[in-house]
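Open the model in your viewer and keep the selection panel at hand. Each stop below gives a selection and says what is there.

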There are 2 protein chains.
Amino acid sequence: MDERAIAILGGTGDQGLGLALRFAKAGRPVVIGSRKLDRAVEAADKVRESVPGASVVGLENGDAAARAPIAILSVPFEHTAGTVKAIAERLAPGQVLVSMGVPLATALGDGATRLVGVWQGSCAELVAALAPQGVDVVSAFQNVSAHRLQELEHEVECDVVVSGPPAARKRVMALCALVPGLRAIDGGPLGNARIVEAVTALLIGMNLRYKVSEGIGIRFTGLPGA
Amino acid sequence: MDERAIAILGGTGDQGLGLALRFAKAGRPVVIGSRKLDRAVEAADKVRESVPGASVVGLENGDAAARAPIAILSVPFEHTAGTVKAIAERLAPGQVLVSMGVPLATALGDGATRLVGVWQGSCAELVAALAPQGVDVVSAFQNVSAHRLQELEHEVECDVVVSGPPAARKRVMALCALVPGLRAIDGGPLGNARIVEAVTALLIGMNLRYKVSEGIGIRFTGLPGA
């Protein structure tokens, strides 16, 4: 396992691919996972096209998860439980699994953006309930616009609230510093993911009301040293 | 009723007093309400001291509510239902009642800041359930630091997410423009107060983790014209 590698499971989606591009651009080895190998390979090719010389490989999710100390789950919420179960035996104690999913309610047909209830409280806590013992689950990246991530020539301009066990939280906060314009915020215990995930629904509604296709971001003011 | 007046019920508390100071400084007549008349009068005196020439009066909550087209509820969450019931018969159709309460869980003893569940979904929706017919309830100002509001020489530096019925929402958004550094964000339907109230709990936890006594604020990035 390459200690500098970052795995992105579901890295073929808009937001996962955006993170892959950014981490590759920062010079980190990137492992893109997908349920289907050919889609992962295709996404890896896309990254290499945008970031010449990038160290990026496409693998099935389980193989990808086994290849990096930090694996970021970037699958639609409805595939979260299935993906974690599918990769669980490929994860080892000490690895960090990052949840960036949001339990959005779809097909309500009233134009509103709402959340569905998750028994454990949030997508991140659902992931924590299913992750193998010794694997630390951290919540991050929910509020970052896929569009802004993919526009490599611009800064992302968004704060990332990172919640979870302290040591693992710090490791994920350090990843944010790799992306220009992203700033990590110490979001405390994993349960705060309930709030951070909900903010995504608020932002999606704001994007519609303000007609901002690039995605509205969030910043915190008054932090020390900011 | 003075059409330019703004009533602040529970205007003797830190955040209510902060709003009273800011609106008075902007030249608007302010009516401070309290359960106890003498405390309201005392708070009104404080405002006049900080803002010479301010038009500000202290009254009991019911009398205060009847004196302004927009009344802001700035009472602790546990007094919300009681206050709305107490003033209900003093409100008239067409008035706007603003909820800025947050159902914070206290005395958990574990150092975490959490919310208690509200049957209606949020403090704002609880207020809406109890308000008389024809009175529009709007959610706003939850995330604004009392400390920053009271420091009249500094800008507040915070966005205010305003949710509720469209016409009433616009009237409350216009109030934000009276305070330097506050920016109103169209927060859509009242139900989004669930998210905005939760963000307050997140901010309180961040204030503790980052040791920011002035209170951390929130800004949205990428809005048109910003």
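Predicted model: local features only at pLDDT ≥ 70, side-chain atom pairs only at ≥ 80, totals over all residues.

**Stop 1: the contact between the chains**

Select the residues that touch across the two chains. Chain A gives 29 residues and chain B gives 29 residues. On the side of chain B that touches chain A, strand S10 (182-186), helix H8 (193-210) and strand S11 (217-221) each give two or more residues. H8(B) has the largest share, with nine residues. Colour this side of chain B by residue type: 17 are nonpolar, seven are polar and five are charged. Now compare the two sides. Of the interface residues of chain B, 100% are also interface residues in chain A, so the copies meet through the same surface.

**Stop 2: the paired strands and the axis**

Select strand S11 (residues 217-221) in chain A, together with S11(B). The two strands pair in the antiparallel sense, over five bridges. Which residue stands opposite Arg219(A)? Arg219(B) does, in S11(B). Pick Phe220(A) next; Ile218(B) is the residue opposite. Four of the five residues of S11(A) are buried, so the strand is largely enclosed by the rest of the structure.

**Stop 3: helix H7 of chain A**

Select residues 166-176 of chain A, which form helix H7. Buried here are Ala168(A), Arg169(A), Val172(A), Leu175(A) and Cys176(A). Look down the axis of H7(A): the buried residues fall within an arc of 110 degrees, so they line one face of the helix. Pro166(A), Ala167(A) and Ala174(A) are exposed on the other side. Show the strands that the buried face packs against: S1 (6-9), S4 (70-73), S5 (96-99), S8 (136-139), S9 (158-162) and S10 (182-186), in chain A.

**Stop 4: helix H4 of chain A**

Move to residues 80-87 of chain A, helix H4. Thr80(A), Thr83(A), Val84(A) and Ile87(A) are its buried residues. They cover an arc of only 95 degrees around the axis, which puts them on the same side of H4(A). Gly82(A) and Lys85(A), on the other side, are exposed. The cover over the buried residues includes S1, helix H3 (61-65), S4 and helix H5 (123-130) of chain A.

**Stop 5: the nonpolar core**

Which residues touch the most other members of the largest nonpolar core? Ala20(A), Val98(A) and Ala20(B) do, in a core of 155 residues. Select Ala20(A) and show its contacts. Leaving out residues up to four places away in sequence, Ala20(A) touches Ile8(A), Gly11(A), Val30(A), Ile32(A), Ala43(A), Val47(A) and Val56(A).

**Stop 6: two residues with positive phi**

Most residues other than glycine have a negative phi. Select Phe141(A), where phi is near 75 degrees. Phe141(A) lies in the loop between S8 and helix H6 (146-150) of chain A. This residue is buried, with 28 other C-beta atoms within 10 Å.

Finish at Glu157(B), where phi is near 60 degrees. The loop holding Glu157(B) runs between helix H6 (146-150) and strand S9 (158-162) of chain B. Glu157(B) is buried too, with 20 other C-beta atoms within 10 Å.

How values were computed:
Residues numbered from 1 in each chain as written. Chains lettered and ligands numbered in written order. Contact = placed C-beta atoms within 7 Å. Nonpolar A, V, L, I, M, F, W, Y, C, P; charged D, E, K, R; others polar. Pairing = 2+ DSSP bridges. Buried ≥ 20, exposed ≤ 12 C-beta atoms within 10 Å, placed from the backbone. Arc of directions from axis to C-beta. Core = buried A, V, L, I, M, F, W, Y, C linked by C-beta atoms within 7 Å.
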